[in-house]
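Thanks for letting me look at this one.

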Amino acid sequence: FTSHIRRMRGIYGQRRQILLDTIRKRYGDALQIVGGDAGLHLVLRLPDGVDDREVAKAALAVNIVVRPLSGYFLRPGTEVKGDVNGMSGLLIGYGCVAEEEIEPAFEKLAGVLDLALG
């Protein structure tokens, strides 16, 4: 079991790094990446005024599944421990995406994001 965990940690770490590199190559520091240090997903913050639910819906139309961050907050606009609830962003999973599919999939998402960002 330990060797399996070690092997999977390496695989998921590589996928995470590919996604991080792809996002930074496309957007630099223009979009904030949150939570990319561990786990199987990260959050890509969107600027205020960008409707993350509409972005997620448009992404689904091009066969990319992301979750709107605003849907994870109970009371939009309130502060809890320094975090503003209701912030706009996308929850992007990479655990089940093959390494060679990450960059092309993100490029599809970037096309949707570019339209939303204006």
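How exposed is E107, going by its relative accessible area? E107 is partly exposed, at 31%; here buried means under 20% relative accessible area, exposed means over 50%, and partly exposed covers what lies in between (1.4 Å probe, protein chains only).

1. A word on the basis first. This is a predicted model, in which local features need pLDDT of at least 70 and side-chain atom pairs count only at pLDDT 80 or more, while totals for chains, interfaces and linings use all residues. Residues are numbered from 1 along each chain as its sequence is written, and side-chain values use heavy atoms, with hydrogens and water left out.

2. Now the overall layout. The chain has three helices and six strands, and from the N terminus on they come in the order α-β-β-α-β-β-β-β-α. Helices (H or I, at least four residues) and strands (E, at least two) are DSSP runs, numbered from the N terminus.

3. Some totals for the chain. There are 118 residues, and 35% of them count as buried. The accessible surface is about 7500 Å², with 53% of that belonging to carbon and sulfur atoms; the areas come from the Shrake-Rupley method with a 1.4 Å probe, and for residues only the protein chains shown count as cover. Among contacts (heavy atoms within 4.5 Å) with a separation of 6 or more, 60% are between residues 24 or more positions apart.

4. The structure holds three salt bridges, each being a side-chain nitrogen of Lys or Arg within 4 Å of a carboxyl oxygen of Asp or Glu. Side chains of opposite charge can pair when their charged atoms come close. E107 pairs with R26 at 2.4 Å, N to O. This pair links distant parts of the chain, with E107 in helix α3 and R26 in helix α1, 81 residues apart.

5. R26 has a further partner. R26 and D114 form a salt bridge at 2.2 Å, N to O. D114 sits in helix α3 and R26 in helix α1, so this pair ties together parts 88 residues apart in sequence. R26 is partly exposed at 33% relative accessible area, and D114 is partly exposed at 31%.

6. Next, the pair E103 and K25. Their side chains meet in a salt bridge of 2.7 Å, N to O. E103 belongs to helix α3 and K25 to helix α1 (residues 2–27), so the pair ties together parts 78 residues apart in sequence. E103 is partly exposed, at 33% relative accessibility, whereas K25 counts as exposed, at 60%.

7. Helix α2 deserves a look too. In α2 (residues 52–61), the buried residues are D52, V55, A56 and A59. They cover an arc of only 100° around the axis, so they lie on the same side of α2; the arc is taken from the directions from the helix axis to the C-beta atoms. K57, L60 and A61 are exposed on the other side. The cover over the buried residues includes β3 (67–68), β6 (89–93) and α3 (99–117).

8. Finally, the ends of α2. D51 caps the N-terminal end, with a side-chain oxygen 2.9 Å from the backbone nitrogen of R53. After α2 comes N63, whose phi is positive, near 65°.

Conventions:
Polar contact = N/O pair within 3.5 Å; in protein donor to acceptor, adjacent residues only side chain to side chain.
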